[in-house]
Structures are given as structure tokens and as C-alpha cells.
Amino acid sequence: MAPPETEKTARAIAAEFGNRPDALLEILHRVQAEIGYVPEETVPALADALNLSRAEVHGVVTFYHDFRRAPAGGHVLKMCRAEACQAMGCEALVKRAESRLGVACGSTSADGRVTLEPIYCLGLCATGPSAMLDGRLVGRLTPAKLDALLKEAGA
Amino acid sequence: MTIPFFSKAKRGEEQPHGKLRIFVPKDAAAVACGADAVAAAIARSASQTGVPVEIVRTGSRGLLWLEPLVELEMGGIRHGFGPIEPETVGNLLNAGLLRGDLKALSAHPQSLGPVDKIDYLARQTRLTFARCGVIDPLSLDAYRALGGYKGLEKALSLTPAGVIEEVSKSGLRGRGGAGFPTGIKWKTVHDTSAEQKYIVCNADEGDSGTFADRMLMEGDPFVLIEGMTIAGLAVGATKGFIYVRSEYSHAIVALNAAIGIARKAGLLGIDVAGSRKVFDIEVRTGAGAYVCGEETALLDSLEGKRGIVRAKPPLPAHKGLFGRPTVINNVLSLGAVPFIMAEGAKTYFDFGLGRSRGTMPIQLAGNIKRGGLFETAFGVTLGQLVDDIGGGTASGRPVKAVQVGGPLGAYFPRALFDTPFDYEAFAARDGLIGHAGVVVFDDTADMAKQARFAFEFCAIESCGKCTPCRIGSTRGVETVDKIMAGDASEDNLAVVKDLCNTMKFGSLCALGGFTPYPVMSALTHFPEDFRRPTQRLQAAE
């Protein structure tokens, strides 16, 4: 059986980085950017390409918060829950998002449209509360701005 | 305070003839508040009215409550307007921004007058951040016009040992939080013989309430590149890495672009500035692990592994990246080096007090009226920073607590507002200045919740190598939960204190070792928040 497309993609990306094991994080970022997550079958493929053990690659994928082992929802809303945003009332906004989406922070809405995740600091600590929708930064978040973001995400 | 560097910094680039120059930041914080849309609206209006306008996208001045801060240059003076959000930019355009009618514009409600005269900026001593927010971050000419690469020029005229002596004499200490003398670190690497050495820049600025590294990388990336180049030449390293957290995508873009420009200009590569010395830099992206801000975890992460803390010794200066001698410095430490080399160690040393010399880019954040970056000599008190400079809370309510130094920093009550910003003074009051983030909380804050969060954050981010951090943090969350439910409070308080003691003295690195700071300070200064009425815990049926 031919290897799945995802495995080929992962091997091609590793080759671009010269199959250097020290570039594993960069490689995984690229795999995730292209496939949307790090599929299980890419782990042994990358281990083979970089001359690492599967355990080592698995360890890296699972250690870092950035890497997903399953696809995210159609949109990803990350809300900062660190101290500076806490001081500006981010927790109430997180609760609002949770109730609008009907899920707890850290999961995807039932219709698969929005993944709501915490993030610990976007470095926008004087213009909080802060959030990020699909990579776009939003500062001075208010309930109205949050509702607009959720609407944009189709929730 | 006037020193030669400043008068140069005010001059800016020459204005092209007949063209209006308008400055709009592209700093991530400004962009988060709509700066891109503001710049687009100005450009659209200019093309509709046929007014020739040059829109320069700069870094941020650090007056973050005024972002997006739009500046109009007239007669060599930059007049500020802010905050100008996408919803209000139309007003500013109607008021005559593109006509350059200063008289009419000065009546605009968001008019701030000449930016250099704004009190918040005028009171600062901008050494590291002299150019940030002033120039186009990717204009090498603008960087050079304001003193850029003079430090490298000076460094190339000295021996490596001479450069290190200069850095040592400046009194510069690690700005990442540990405060270790930078010169000693460099000397150790210099004195260790090896075929390959490395410079690693720690740009994993994970502390909540801090954004100085981000602002500098986005707003003046060449200063970091120059600082790293000087470090490389001084210790004999030919390769540098900047490890940037993945949350800082704008900074990564800016750094990669600036490195490309520096390479093309012959300032990086096989013949740095015609010296026949080799130095080049690569940017690496983190992946959302707070512990990778700890230097040894960062090194493991740079090697493509899990970010697990290493036991010391060996020190990174002896066995660092790939087992080679490595200088690992924070963005702000390396960013201070070009000024030190260009203007002399003594000029830098003359700022500050005691063993804290030079300036510190302090970040005012959280619930604060005038949040932003305030670079100043060591010695300013916490009270001055919060009340006078920061203007108190944004909510208008009384300040309850101030957390200094990120998630691992202590909560200070108003009673300790006379503490001067100085490594030793904060340590003497069971706190730390860390990376100089100051997060303000108003009287609605619940300090038991904050103590719980400190443990919880440690549990989420622990690398898992040492037991006090890995287990202690989770037991801490559970115990604070019991206290918050009013369950056998006194016994549980004793458990929290005991856990903190174990974590402080038994952890391998600062994550577990410093988590007790926020917990114990909350407990010590705000004991009333921990005395809760007994709640019946929900029975698990």
C-alpha cells in the first residue's frame, strides 16, 4: 500500500530542512501549517527521516502546546488568560465565549466551526484583554468585540 | 538628562521634498488595536485627494494606551494623535491631517502635540529603545543615521578581551531576570577553548506583563543583530540563534527580514563589516512552552528536543548548545550592548544605583491607565511607576496589588510601594524584578485565586523533570482549592507554606523555584483573601 499523502508531505518538509534533527520544531510547525495538525502517521516517518526514535518525535509533539494531534475547528480563537489580561477581566470574557460556543475552553464547538483555546500571553499586556482569531491579533477586547469575533467565525 | 545620543535620535531622517510624512506603527500591539486599518484609511484618503503622502510604518513608541498613535511630521517635528482607531481615523482625516493644517489639527480631541514632549516619553532615558517607534525598523539607513552600527565599529577596533572588559565595566546584568553579570558570562565563554561556540538570544518572553523584547525585535531588530554580532566577535562564536516564542509572529517576520538585509549589506556572513570575521544568525521558533524561557530548557528545545531543564553544572558557558560553549543572553541584554560600545561603558554605568547599573525597560501592564514601556535608570520606586507614571488603574478603582516580574514574581501591596526598582531591593522584600513587567490589579482581584493560578500555571508548564515542581504545583492547586472552600484553613495554609518551601529549595529551575513568590506574597500580604467561610464541597455521588 502506498504511504498516505500526509507522510509524503512530512518527509518532503524534513528534506527541505536537510533532515536535521535539531530542526524538528521548525519541521513540525511546517507540517502543522500544511496539514492542519500533526497526524499520527507522520511521527514514524519523521523519526525515520531525522534518524530519531519514534519516542523522541512523539515526545516533542506531545510536549509543546502548539502541536495538535487532531484537526482544529474551522476557526481557532485563542484567548489570553495570563495575569495582565486577568487584571482586565479576561475570565468573564472566556466564560462568555464558552457559553456562546457551548464548550469549555480548550475544545471545539459541536458544529466543528470554532476551537476555543487558552493562550498564556500574547505580549499585548498593556492593551488587554487580548485574543487571536486565526492568527489575527485583537486587543482591548470587550463583550461586543468578542461577539463580533464569534460571529465572524460563524458561531 | 541629555547625552549626545539623544540629540541625534531626535533628528530623524530627512524629509523628502514636498511629501507629507505620516507615521503609523506596525507593532503587534498597535495592529491589535487596528493600526493596519488606520494606515490603509489614510493611504486611501491620500490617493483619493491626490495628496502625496509617505506613510512610514514604525515600531511602537511604547505609549500603548495611545495606540494606534499616528504621527505627522511638520518642519522636522512629529506631532502625535492617539489613540486613533479605525472608527475614529475619519475624524482625524476630516480635521485636516492630509492638509498638514497644524492649527486646525491641534484642536482635535486626540491631538497630543509634539510626541517628544509627551511627559511619559520626555521623562524616560531611552538608551536601548532610542530608535524604537522612531524609524522604519527595516531601514538600515535610518538605523545608521541614528547611531546604529557605531557599536560594532568600536568593537572591531578593540581586541575581543577589550570588548568584554567594556561590557563588564558597564555593569550590565542579565535583563532576562536572573541579573547575572553579562561580562562574566562572556569572559567564561571567551576563555573556554572550542572549535565551535554559539551566541543564543533568549527571545522566549513568556512572562505575562512583559513585551519589551517583542517591541524591540519588531521596532528595532538591527540593534539586536548588532548586539549579537558584537557578542560573537568578543567570544569567538561564528553562529547565533534567536529563539523566539511562536506567539510573536510579527517579531519573527521582522527579524528574518532584518537578518536578510544585514547579510546583503555585508554585516552578517563570512566577512562581517569587512573584518574578515564570520558571524551569522538564524531565527528559531518555539512552540508554546513557557519553560523554554529557562536557559537550559531553551537549549534543549533549540536542539529539537523536548524543553527539559538541564542540571547545572555544566554551565552553558562551558557546555551549552550541542555541548559547545554558549553565551545565552536575553534580548534586552544584547540590545543594550551597541549603546555601551558606542557611547562607552562609563556612560551606561553612570545611570542606575548600587549594583543595578544602566537603564531598565520597565513594562507597565494589566489594569493601568497609562500602560506601556518606560525605559529609565534603576532606582525609580514602584509607587512612582504605578501611581505617577502609570496614572493608577484603568478601571479607576484603587490599586490592590502589583505583580512584578511575571508569573513567578511576587505580589506587592501598596505598603511596599516605596521599593526602588533595583535587583537587590526587590530581593530584600521577597520579590524579584525579573524581566521588569509590572502588572497592576485593582481591588476586585481575589488574591487566593491569584495564588491558585500561580500553582496551576506551574503545573501546566512544568517540564516534569524534578519532583517538587511537577508534583508540588498540582498539590498546591488542590490545597488552595480546599482553602477557598473554607476547609480546615489553618492546616491547609501550613501545607501550602510547606509545599512552597520544598519547591523553592528543591526545584531544578526558576519555574518551580519561584512559583512560591506569587503564592507566598499573596498569602503574606493579603491573608484576609484566604479566610473564607466554609462551603459544603459538592459531594461526588
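A residue is called buried if 20 or more other C-beta atoms lie within 10 Å of its own, exposed if 12 or fewer do, and partly exposed in between, with C-beta atoms placed from the backbone. By this rule, 45% of the 155 residues of chain A count as buried. The model is predicted: local features need pLDDT of at least 70, side-chain atom pairs count only at pLDDT 80 or more, and totals for chains, interfaces and linings use all residues. Residues are numbered from 1 along each chain as its sequence is written, while chains are lettered from A and ligands numbered from 1 in the order in which they are written.

Chain A has seven helices and five strands. Helices (H or I, at least four residues) and strands (E, at least two) are DSSP runs, numbered from the N terminus. Along the sequence, their pattern is α-α-α-α-β-α-α-β-β-β-β-α. The C-alpha atoms of chain A fill a box of roughly 50 × 30 × 25 Å along the principal axes. Two domains divide the chain: domain 1 (5-63) and domain 2 (75-152). These bounds come from an automatic or database domain assignment. The centres of the two domains of chain A, taken over C-alpha atoms, are 30 Å apart. Two residues are in contact if their C-beta atoms, placed from the backbone, lie within 7 Å. Among contacts in chain A between residues at least 6 apart in sequence, 59% join residues at least 24 apart.

Asn19(A) is not a glycine, yet its phi is positive, at about 50°. Asn19(A) sits in the loop between helix 1 (5-16) and helix 2 (24-35) of chain A. With 15 other C-beta atoms within 10 Å, Asn19(A) is partly exposed.

Chain B contains an open sheet of five strands in the order 2-1-3-4-5, with mixed pairing. Two strands pair if DSSP finds at least two bridges between them. Strand 2 (53-58) and strand 5 (111-114) of chain B are the edge strands; each has a single partner, so one side of each lacks a neighbour in the sheet. On average, neighbouring strands of this sheet are turned by 25° against each other, direction ignored. Strand 1 (residues 20-25) and strand 3 (residues 70-74) of chain B run antiparallel and are joined by three bridges. Phe23(B) has Glu71(B), in strand 3 of chain B, as its bridge partner. Helix 3 (residues 35-49) of chain B lies across strand 1, strand 2 and strand 3, running at about 160° to strand 1 of chain B. For such angles, axes are lines fitted to C-alpha atoms, for helices over the stretch in contact, and values run from 0 to 180 degrees between N-to-C directions.

A further open sheet of chain B has four strands in the order 8-7-6-9, with parallel pairing. Strand 8 and strand 9 (326-330) of chain B stand at its edges with a single partner strand each, so one side of each has no neighbour in the sheet. Here neighbouring strands are turned by 20° against each other on average, direction ignored. Strand 6 (residues 198-203) and strand 9 of chain B pair in the parallel sense over five bridges.

Helix 14 of chain B is largely enclosed by the rest of the structure, because seven of its eight residues are buried. Among them are Leu298(B), Leu299(B) and Leu302(B). Their cover includes helix 2 of chain A, together with strand 6, strand 7 (239-244), strand 8 and strand 9 of chain B. Just after helix 14 of chain B, Gly304(B) takes a positive phi of about 90°.

The loop between helix 14 and strand 9 of chain B holds Pro313(B) and Pro314(B). A cis peptide bond joins Lys312(B) and Pro313(B), with omega about -5°. The bond from Pro313(B) to Pro314(B) is also cis, with omega near 0°. Phe322(B) lies in this loop too. Phe322(B) has a positive phi near 50° and counts as exposed, with 12 C-beta neighbours inside 10 Å.

The contact between the chains takes 46 residues from chain B and 34 residues from chain A.
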